[in-house]
Amino acid sequence: MTEAAQIHTIGIIGAGVAGLAAARLLSTAGFECEVFEKGDRVGGVWASGYHTFGLQTPKSLYEIPDYPMPESFPRLPTGQQLQAYFEDYAKTFGLIDKIRLGCTIKKLEQRGSDSWLIKYYQKGIDPIQEKTFDYIVVATGLYSNPFIPDLPNRKSFDGEVLHSSQYTSPDQVKGKNVVVVGFGKSALDIATDAALYANRVSLAFREAHWPVPVDVLNLIDVRRIFLNRLVGGFFPLYQRPKKWEKKLHQFCPWLVKGFWRFVELLLKIQFPLKACKVLPSTAPESDFFNQDFLPRPETYKLMKQGKIECVQTKNLDLDSTGVVLDSGDHLPCDTIIFGTGWKPDYSWLPDQFHSAINDDGVYLYRHIIHPDLPNCAFIGWASTFSNSLTAHLASVWLVKLLKNKFNLPNQTDLQQEIEKIKAWKRSFMPLSNSRASLLQLHMWNYHDELLRDAGIDPKRKSNVLAEWLQDYRPSDYRQVLEGIKQ
């Protein structure tokens, strides 16, 4: 790690939520920042989502700690509203002039031990351009390239094949027979919307997942139940659990199990999972770490009414007229929409980066530091229920690191810590290609860790009772952000 006094210029790749957070806080701390964004607007995923794309968690859980969302926004804002919100944020904190739009990074190269070269193509300008920085922040996030499974007979299908990101208008499905593939947020959102316009909608999936209601039994905000320190003790133990949590799981496993069976019962009461043929095979305490989702209220109603036909299949193939399931059954369709997620693009990153790539994602120290890449940080590579807050706290952590308020462990200890978190996640989280980034229910443990590293008290509530029983929200961290100065 280069001394902070030698770091003046920082190149930030990506102008989504994480890139804006890093640019604002690092600039406030006195660093000269320049942001490279391949799109024509700031906001990342919120700048180019599918039709009806929007926030699935209440806005107060996703807003920036010291920059509340407008009161005029609904409880669950649309993608367009969120893009406007983050653009206003960038303007308010003077970031617009620091952002180069239309820039595609071609290569990131290390120059010596204390500088980086960015090779990039700027839309409308030839040839490839170059710029050198003392430090690099990679804030491209987890969603780069649309992923569609490689199906042997895809070319034989006479209809239209789309990725969820290409579903931009209900006109694409109006009056058609549609098959939506997947069981995540995008797949269910699109199936729900398509059911209003299409002739027939089928949802084909490998595994159903447990829904997380915005309001439990349509009465109590789910945050009040799950996002407090007391209930957090019933989750699968964090990598470094507190003493009382270890004792709870050691001496009262029946109580922990009983809590989760009660949660499972509540979900079965609220959602007609069995009637819809979407009852998950995995227990919720494990499945909640599999990119869980908060469904729209009407989704399961449409399933129960048969307007969304749910079909579970391990594999599928295509013929000229539709989808062939592994059972041999055939779903005739005109349009197939794959809500099968994204794959990150690592092609432009240096060769040393690839040592961190596993089948289940990229493991980093504190989800931020790659041990083989000095003077480089990754912001926005930890997935939580409140990615905006997480990115801002990770940026605070980075500011404190670059200001020498704390030091990183040595190379060996960094790698050992990465191996420990890898073993911890693999011990209970289901396999997925993004497992390395997932924190979800443990986000408060992670936030506490970042603040403790930075020398900041992680307890942000006004009293002990509130600390244990009240849910944590971004607004609780307002002073943490306001404390960043030159």
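This is a predicted model: local features need pLDDT of at least 70, side-chain atom pairs count only at pLDDT 80 or more; totals for chains, interfaces and linings use all residues.
Student: Where is Leu217 found, and what is the phi of Asn218?

Tutor: Leu217 sits in the loop between β12 (215-216) and β13 (220-221), where strands (E, at least two residues) and helices (H or I, at least four) are DSSP runs numbered from the N terminus. Leu217 has a positive phi of about 55° although it is not a glycine. Asn218 belongs to the loop between β12 and β13 as well, and its phi is near 60°, again a positive value in a residue other than glycine. With a relative accessible area of 63%, Asn218 is exposed.

Student: Which residues does Arg24 touch, apart from those up to four places away in sequence?

Tutor: Contact means heavy atoms within 4.5 Å. By that criterion Arg24, which lies in helix α1 (residues 17-28), touches Ile64, Asp66, Tyr89, Phe93, Leu95 and Leu481. Arg24 counts as buried because its relative accessibility is 7%.

Student: How should I describe the packing of α1 and helix α3, and at what angle do their axes cross?

Tutor: Two packed helices are described by the angle between their axes and the distance between the axes. The axes are lines fitted to C-alpha atoms, for helices over the stretch in contact, and the angles run from 0 to 180 degrees between N-to-C directions. Here the axes of α1 and α3 (residues 79-92) come within 11 Å and cross at roughly 15°, which means that α1 is roughly parallel to α3; angles under 35 degrees count as roughly parallel, over 145 as roughly antiparallel, 65 to 115 as roughly perpendicular and the rest as oblique. Val17, Leu20, Ala21 and Arg24 in α1 meet Phe86, Tyr89 and Ala90 in α3. The residues of this contact divide into six nonpolar, no polar and one charged, where Ala, Val, Leu, Ile, Met, Phe, Trp, Tyr, Cys and Pro count as nonpolar, Asp, Glu, Lys and Arg as charged, and the others, Gly among them, as polar.

Student: Which residues make the contact of α11 with α13?

Tutor: The axes of helix α11 (residues 387-402) and helix α13 (residues 443-453) come within 9 Å and cross at roughly 20°, so α11 is roughly parallel to α13. From α11 the contact takes Leu389, Thr390, Leu393, Ala394 and Trp397, and from α13 it takes Trp444, Tyr446, His447, Leu450, Leu451 and Asp453. These residues divide into eight nonpolar, two polar and one charged.

Student: In what order do the strands of the five-stranded sheet stand, and is the pairing parallel or antiparallel?

Tutor: Strands of a sheet pair through backbone hydrogen bonds, either parallel or antiparallel. Two strands are taken to pair if DSSP finds at least two bridges between them. The five strands form an open sheet in the order β9-β18-β10-β11-β14, with parallel pairing. The edge strands, β9 (160-163) and β14 (309-312), each pair on one side only, and the twist averages 20° from one strand to the next. Within the sheet, β10 (residues 177-181) is joined to β11 (residues 200-205) by five bridges, and the bridge partner of Val178 in β11 is Val201. Helix α4 (residues 185-194) lies across β10, β11 and β18 (335-338) and runs at about 165° to β11.

Student: How many bridges pair β4 with β5?

Tutor: Strand β4 (residues 103-111) and strand β5 (residues 115-122) pair in the antiparallel sense over eight bridges, with Cys103 standing opposite Gln122 in β5. The two strands form a hairpin with three residues between them, and Gly112 in the turn has a positive phi of about 70°.

Methods:
Residues are numbered from 1 along each chain as its sequence is written. Side-chain values use heavy atoms; hydrogens and water are left out. Buried means under 20% relative accessible area, exposed over 50%, partly exposed in between (1.4 Å probe, protein chains only).
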